[in-house]
Amino acid sequence: MKRTVTKLADGRELIYFDRDESAVRDSADLRPLEPTASLSEIRRDPATGDWVTVAAHRQGRTYHPPADECPLCPSADGRLSEIPADAYDVAVFENRFPSLAPGAPAPVGDGDPLHVIAAGAGRCEVVCFTADHGASFADLTPAKARLVLDAWTDRTAELSALPGIEQVYAFENRGAEIGVTLAHPHGQIYAFPFTTPRTAKMITAAAEHRRRTGGNLFEDLLAAERRDPVRVVLAGEHWTAFVPFAARWPYEVHLYPNRRVADLTGLDEAERAEFPEVYLELLRRFDRLFTEPGDNTPVAPTPYIAAWHQAPTLHGEELALHLELFTIRRTVGKLKFLAGVESGMDAFVNDVSPEAAAQRLREVAS
Ligand SMILES: [Zn+2]
């Protein structure tokens, strides 16, 4: 892999990842861009302890541009995008409208000890999986998917080493139903200056499990799923995908390396080599989940969220790298909305049994 670091016109960093070691990425960004200022702040909810990011400066961001103005396509024919090169394999750049940014100024609090406030000092990056506007992650070749994995790994190593960063979160939102504003296949990375609420709960659950059993929660739960594979969707030599026992979403799969590692930087070569075939197969199955009534034609694309869980830099010793992949689609034409019960109380009601979901995800194997 070749890595080329450059700067966009407004000073943001752009990093190209190429499979070809001889690739030259030296095109300059010719757009007259002014640097943007981030006024983001983080506030701690005194009632729950959860951090909330307040990024009130983001309202002017790009919203559903037409395909010929896509900011993630390569620059070509005089049309200048976020990527100055006329081609690329994988490109990562700092978001122009970040929720969290390195230079966010320290906010002035009101002095009330219940009102804990700090700068939204982190970093938000955009990961372009391919230069092909009409493709999706599932269309990538295994070699290209491997390059994305290597790019995620590189960003995890670099971002987690930045001062003040506690957790690096790589994810993909796919589909307009999820609220994706750009159709081009891409994901994002958030480098948080705090540990996210879901991870904080996992730290508490893992500590409790250790006290009770002496074992590691994630090793024990993966071993149990493999022993009784009723919810296992796909078992590779180095990775296992299963529907979690208490799945929250209609179709939800958790993908773990069989050997527990803290984050992407801990994966060895054999695990990296097997990841693309396992993950691409899961994504293809997601696109085959829903078919037209009376017909086997898949209703694609399936909207999904793919979320990498990585151990934070603080108190993350018991955690395990894994990917959580889920769709908000329940059935053809019906989405699962987070309504009163979920949004109001964080209490999920799932209309599909996890065992039936696992069965369906095995049926649609290629
Ligand atoms: Zn595009």
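Biologist: Welcome to this predicted model! To begin, how many disulfides does the count come to?

Modeller: A disulfide needs two cysteine sulfur atoms within 2.5 Å of each other. By this rule, the number of disulfides in the model is zero.

Biologist: Let us turn to the aromatic rings. How are the rings of F192 and F194 arranged?

Modeller: The structure holds 19 aromatic pairs. In the pair of F192 and F194, the centres are 5.1 Å apart and the planes stand at 50°. Planes under 30 degrees apart would count as stacked and over 60 as edge-to-face.

Biologist: Are F192 and F194 buried or exposed?

Modeller: The cut-off for buried is under 20% relative accessible area. For both F192 and F194, the answer is buried.

Biologist: Which parts does the pair of W239 and F275 tie together?

Modeller: The rings of W239 and F275 have centres 5.2 Å apart and planes at 55°, so this pair is tilted. W239 lies in strand β11 (residues 239-242) and F275 lies in helix α4, so the pair ties together parts 36 residues apart in sequence. W239 and F275 are both buried. The parts tied together are thus strand β11 and helix α4.

Biologist: Which residues do ring pairs link into a cluster?

Modeller: W239 and F275 belong to this cluster.

Biologist: Which residues have the most contacts inside the largest nonpolar core?

Modeller: In soluble globular proteins, nonpolar side chains tend to be buried together. Here the largest nonpolar core has 53 residues. The residues with the most contacts inside it are F137, W152, L255 and W308.

Biologist: What is W308 in contact with, leaving aside its neighbours within four places in sequence?

Modeller: Among the contacts of W308 are the aromatic residues W152, Y169, W239 and F275. Others include L149, A170, L264, L321, H322 and L323.

Biologist: How many residues are in the other core, apart from the largest one?

Modeller: Its members include C70, C73, Y88 and F93. This core lies apart from the largest one, and its number of residues is 14.

Biologist: Which ring does the charged end of R248 sit over?

Modeller: The charged end of R248 is 4.7 Å from the centre of the ring. That ring belongs to F348.

Biologist: What is the phi of D77?

Modeller: Most residues other than glycine have a negative phi. D77 is in the loop between β4 (51-54) and β5 (90-94), and at 82% relative accessibility D77 counts as exposed. Although D77 is not a glycine, its phi is positive, about 55°.

Biologist: Where is D346 found?

Modeller: D346 also has a positive phi, near 60°. With a relative accessible area of 58%, D346 is exposed. Its place is the loop between α5 (340-345) and α6.

Biologist: One last residue. Is T156 buried or exposed?

Modeller: T156 lies in helix α1. Leaving aside neighbours within four places in sequence, T156 is in contact with V168, D263, L264, T265 and Q310. The relative accessibility of T156 is 3%, so T156 counts as buried.

Notes:
Residues numbered from 1 in each chain as written. Predicted model: local features only at pLDDT ≥ 70, side-chain atom pairs only at ≥ 80, totals over all residues. Heavy atoms only, no water. Phe/Tyr/Trp six-rings, centres within 6.5 Å; stacked < 30°, edge-to-face > 60°. Buried < 20%, exposed > 50% of the residue type's maximum accessible area, 1.4 Å probe, protein only. Helix = DSSP H or I, 4+ residues; strand = E, 2+ residues; numbered from the N terminus. Lys NZ or Arg CZ within 6 Å of the ring centre and 35° of its normal. Core = buried A, V, L, I, M, F, W, Y, C linked by side-chain atoms within 4.5 Å. Contact = heavy atoms within 4.5 Å.
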